[in-house]
Amino acid sequence: MTRAAAEQIDGRRQRADVSRRRIALAMLDLVREGEVEPSADLVAERAGVGRRTVFRLFADMEGVFCEMHAVMVERLTPEFSVPLEGTTWRERLDEVVARRARMFDQMLPIKSASDAHRYRSKFLQTEHRKLTRMQRDSLCRVLPANVADGEAFEALDLALSFEAWRRLRQEQGLSAKQAVAVLRHATRA
């Protein structure tokens, strides 16, 4: 293969990567705006690409979910990587509440939409299990041994879950500030 041919292939690959990213960002924006299952035409229009490009770059929704997930992980990773500053486990637990509230609020429309599709997506099922495990593990690391086991741990894990946050924000209609206050009350109990 000539150098010119290799550069042409690399250029096509780069353009495809840029288009994939634009399509994923368009999907995320549309989902955030309430479109649980946006049409290919709507996604293409928002991404500024042709409808055929959407189908050429993504053979199925699984690929779109993977790309959207990669964007969300990129956005949320900084929040996960900052060490907790509290000196006591209760202070660190309070930080966990605040940190999860910020992350869960960013994730809320996207995770809610992906949960609607999870039953038919192996990728979303796997990622849901990973998120649940990560939440449990991070909570366990914050708590002392006598609290990180048994019913108290299970109650805290439930109270600080994404599902509890979604209920507080969507079904109960609480503001983010009110929802944080409820979670702090639950952790103190």
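A: What follows begins with helix H9, goes on to a residue of helix H7, and ends with the two largest pockets.

The model is predicted, and every value below is computed from it. Helix H9 runs over residues 176-188 and has 13 residues, and the distance from its first C-alpha to its last is 18 Å, close to the 18 Å expected at 1.5 Å a residue. Its buried residues are Ala179, Val180, Leu183 and Thr187. These four cover an arc of only 100° around the axis, which puts them on the same side of H9. An α-helix has 3.6 residues a turn, so residues three or four places apart point the same way. On the face of H9 turned away from its buried side are the exposed residues Lys177, His185 and Arg188.

The buried residues of H9 pack against three helices, namely H5 (89-117), H7 (151-159) and H8 (162-171). One of these, H7, holds Asp157, a residue that is buried because its relative accessible area is 11%, which is under the 20% cut-off for burial. When residues up to four places away in sequence are not counted, Asp157 touches Arg136 and Leu139.

The largest pocket holds about 490 Å³ of space. Of the 20 residues that line this pocket, His69, Val73, Met107, Glu127 and Leu131 are the closest to its centre. Helix H4 (61-81), H5 and helix H6 (122-142) are the elements that give two or more residues to the lining of the largest pocket, and H4 provides the largest share, with 8 residues. By class, that lining divides into 11 nonpolar, 4 polar and 5 charged residues.

The second largest pocket has about 280 Å³ of space. Its lining is made of 13 residues, of which Phe80, Val96, Arg99, Ser138 and Arg141 are the closest to the centre. Here the elements that give two or more residues to the lining are H5 and H6, and the largest share, 6 residues, comes from H6. The lining of the second largest pocket comprises 8 nonpolar, 2 polar and 3 charged residues.

Conventions. Residues numbered from 1 in each chain as written. Predicted model: local features only at pLDDT ≥ 70, side-chain atom pairs only at ≥ 80, totals over all residues. Heavy atoms only, no water. Expected span 1.5 Å × (residues − 1). Buried < 20%, exposed > 50% of the residue type's maximum accessible area, 1.4 Å probe, protein only. Arc of directions from axis to C-beta. Contact = heavy atoms within 4.5 Å. 1 Å grid on protein atoms, 1.4 Å probe; cavity = no way out; pocket = protein on both sides within 12 Å on 5 of 7 lines; lining within 4 Å. Points joined across faces, edges and corners; volume = space filled by probe spheres on them. Nonpolar A, V, L, I, M, F, W, Y, C, P; charged D, E, K, R; others polar.
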